[in-house]
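Dear colleague,

Please find the structure below, with its sequence.

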Amino acid sequence: MNPLLEKFNTPFETAPFDKIKNEHFLPAVQEAIQEAKSEIESIKATTSPNFSSVIEALDNSGKKLGIISSIFFNLNAAETNDEIQKLAREISPLLTAHGNDILLDKELFDLVDTVYQQKGSLDLNEEQETLLDKTYKSFVRNGANLSEEDKAKLREIDKELSQKGLAFGENVLAETNKYELVVEDEAKLAGLPDSIKEAAAQTAIEKGKEGKWIFTLAFPSYVPFMTYADNRELREEIFKAYNTKSCKGDELDNQEIIKEILVLKNQRANLLGYKSYADFVLEERMAKSAPEVSSFLKDLLEKAKPKAQEELEELTKFAQSIDGPETLQKWDFGYYSEKLKKAKFEVDDELTKPYFELENTIQGVFLTAGKLYGLQFIKNEDIPVYHPEVTAYEVKDTSGKHVAVFYADFFPRAGKRNGAWMTVYQGQFKEGNVDHRPHISIVCNFTKPTVSTPSLLTFNEVTTLFHEFGHALHGMLANGTYESLSGTSVYWDFVELPSQIFENWCYEKECLDLFAKHYQTGEKIPEELIERIKKAANFHQGYQTLRQVSFGLLDMAYYSTNPAEVQSLFDFEKAAMRPTELLPAVEGTLMSTSFSHIFQGGYAAGYYSYKWAEVLDADAFEMFLENGIFDPVTAKAFKDHVLSSGGKVHPSILYKRFRGREPKPEALLKRAGLI
């Protein structure tokens with residue numbers, strides 16, 4: 001019996017992780033594809049094509065396949081192994097082929113087109129109109145109007161792309177897991193806080209090297225080392241290891257894979273009538289074209305660069321005043337930056353971490369969501385989880401009504417990729433009178449507890465938790481009829497608004513007082529420390545903005561350039577990022593080969609959206625500041641028009657319904673100290 005193909009007899013029909021084995025996935029996917037094909041054949045058999053029999057029926061098809069593939073690919077990101085990676089290489093092409101079978105089916109498209117041509121006389125509500133437009137465009141933008149010969153080419157391109165993306169991610173994960181900085185002499189750890197040293201000693205024990213200290217390329221190990229280690233040579237070594245991932249010319253090298261991805265995506269765009277992959281992507285974004293994105297990034301660059309140069313000059317002088325080098329290198333920036341921040345604002349991570357014990361901070365996130373949106377989170381140990389470190393919660397509203405299932409997974413593991421993300425196991429949709437509620441997860445890589453200390457978060461990790469939880473709220477509070485328009489199914493440059501706006505609460509005393517207390521004494525975070533955190537929030541904002549702009553420029557360069565011009569990735573990356581470079585280039589480093597957002601994730605020609613959404617979030621949060629950060633009227637407006645509306649209508653319409661006007665960029669520039 002295959003538990004993936006049975007009705008899930010678990011609380012809220014959650015994934016039966018306790019019963020699923022790796023060998024269940026492939027047959028389950030194969031059977032679910034056949035079931036989805038039967039559903040498509042039923043739609044094609046309709047004799048009177050209308051909105052319900054074609055468009056709604058299409059949106060409701062393939063539900064089982066969607067759930068099975070979500071479970072599988074979420075595990076491949078958060079708890080993978082060699083067997084799952086091998087399965088991914090088999091399953092991914094099957095799903096790609098199935099998707100193309102639907103979108104390249106002429107009979108099916110003719111039915112969609114028939115309904116679309118009747119659009120003006122159908123008396124649809126705005127959500128139905130959006131679904132009709134989106135369905136029609138998804139066929140056209142994926143080759144429905146191509147010749148049979150070109151459809152075959154498109155299928156082959158998509159099949160290859162699915163494999164290249166998987167290979168890229170596997171190489172980055174293997175490189176991350178492979179590297180160890182083993183330290184035998186404790187004197188070389190000068191500057192590192194005791195908690196970081198203890199974590200490194202614990203890592204050494206886990207790896208069978210007791211009595212030593214091991215640092216890895218996982219964020220909770222790498223970032224503190226770069227921030228606090230006095231030993232400049234070791235900072236240089238681990239920096240170079242981090243920034244040469246998958247570019248060493250060995251079996252884990254991603255350079256040729258990137259070139260192949262660029263060629264394939266460009267061929268796909270050309271086949272569909274677009275000049276570049278960026279043109280194809282941006283047609284369905286708030287920023288409608290490559291020139292508009294370039295103008296947006298250029299404007300930020302012009303405002304941020306002078307500020308960043310001032311910051312670097314100040315930092316260089318400061319470093320020299322404490323016996324630092326004449327010229328700062330990239331492995332020096334974080335180290336001296338932290339020292340200067342402490343000198344200027346009397347605040348650093350070691351001072352703030354005791355107030356941000358992970359369990360308390362999780363409760364703080366829950367309490368903040370409760371005060372804003374009336375949610376409560378109840379731990380439910382009957383819900384199966386995929387790893388003992390994962391916690392499952394039932395989410396209810398103030399009346400006790402079930403809202404969602406929420407999973408939280410916080411610590412690094414060998415089977416988990418770096419970074420932090422939100423994901424969906426089951427989406428929200430309505431079927432008659434039944435509202436199918438979503439199953440949402442956030443996955444992070446925070447500092448693990450040690451023998452003597454609980455997991456204490458840096459302030460950056462606190463904002464990361466709030467960020468991912470903002471995405472989770474977008475998923476949990478979804479209230480749409482159609483799954484493809486529900487929750488986070490919105491324009492890519494709008495999807496970061498709910499996550500980025502939620503970070504703002506981390507800086508407000510009224511919010512911090514809910515949870516920020518010393519893990520040993522229980523003392524609330526002092527008000528003057530909160531003030532120092534707020535003052536330090538703009539510290540090196542010019543440099544940080546420049547860094548984000550550099551990633552956006554690199555992304556746009558890759559996807560708006562003819563791939564034939566991308567000969568050396570080292571040269572191409574250097575040229576694309578040159579306008580933003582302030583520190584000396586480091587020979588042999590290449591961030592592109594581990595830039596998973598744009599070569600494995602969904603941010604290709606879309607990395608700019610982080611800064612784009614910052615304009616929206618700063619402007620939107622000003623309304624909360626004006627009315628009160630927990631003002632129920634403002635919170636309800638944001639919930640109704642942004643969090644619950646998903647992609648029912650164009651995001652600019654939703655934003656104006658919330659804010660009463662178009663967004664203004666001044667709020668972001670002011671918040672970042674750039675004006």
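Which side chain does that of Arg-413 meet in a salt bridge? The partner is Glu-79, at 2.7 Å from N to O; a salt bridge here is a side-chain nitrogen of Lys or Arg within 4 Å of a carboxyl oxygen of Asp or Glu. Arg-413 is in the loop between E5 and E6, and Glu-79 is in the loop between H3 and helix H4 (82-103), so the pair ties together parts that are 334 residues apart in sequence. By this rule, the count of salt bridges is 54.

Please note that this is a predicted model, in which local features need pLDDT of at least 70 and side-chain atom pairs count only at pLDDT 80 or more, while totals for chains, interfaces and linings use all residues. Residues are numbered from 1 along each chain as its sequence is written, and side-chain values use heavy atoms, with hydrogens and water left out.

Helices (H or I, at least four residues) and strands (E, at least two) are DSSP runs, numbered from the N terminus. Five strands make up an open sheet of mixed pairing, in the order E3-E4-E5-E9-E6; two strands pair if DSSP finds at least two bridges between them. Strand E3 (376-379) and strand E6 (421-426) are at the edges with a single partner strand each, so one side of each has no neighbour in the sheet. E6 runs antiparallel to strand E9 (residues 439-443) and is joined to E9 by five bridges. Within this pairing, Met-422 of E6 has Ile-442 as its bridge partner in E9. Helix H3 (residues 63-78) packs on the sheet and touches strand E5 (402-409), E6 and E9, where contact means heavy atoms within 4.5 Å.

The second largest pocket holds about 600 Å³ of space. On a 1 Å grid over the protein atoms alone, a pocket is an open set of points with protein on both sides within 12 Å along at least five of seven lines, a cavity is a set where a 1.4 Å probe fits but cannot get out, and lining residues have an atom within 4 Å of a point. A volume is the space filled by probe spheres set on the points, which are joined across faces, edges and corners. This pocket is lined by 28 residues, and those closest to its centre are Thr-203, Glu-206, Thr-216, Ala-218 and Pro-412. H8 gives the most to the lining, with six residues.

There are three cavities of 30 Å³ or more. The largest cavity has about 50 Å³ of space, and its lining includes Ser-195, Lys-353 and Lys-448.

Yours sincerely

How values were computed. Axes fitted to C-alpha atoms, helices over the stretch in contact; angles between N-to-C directions.
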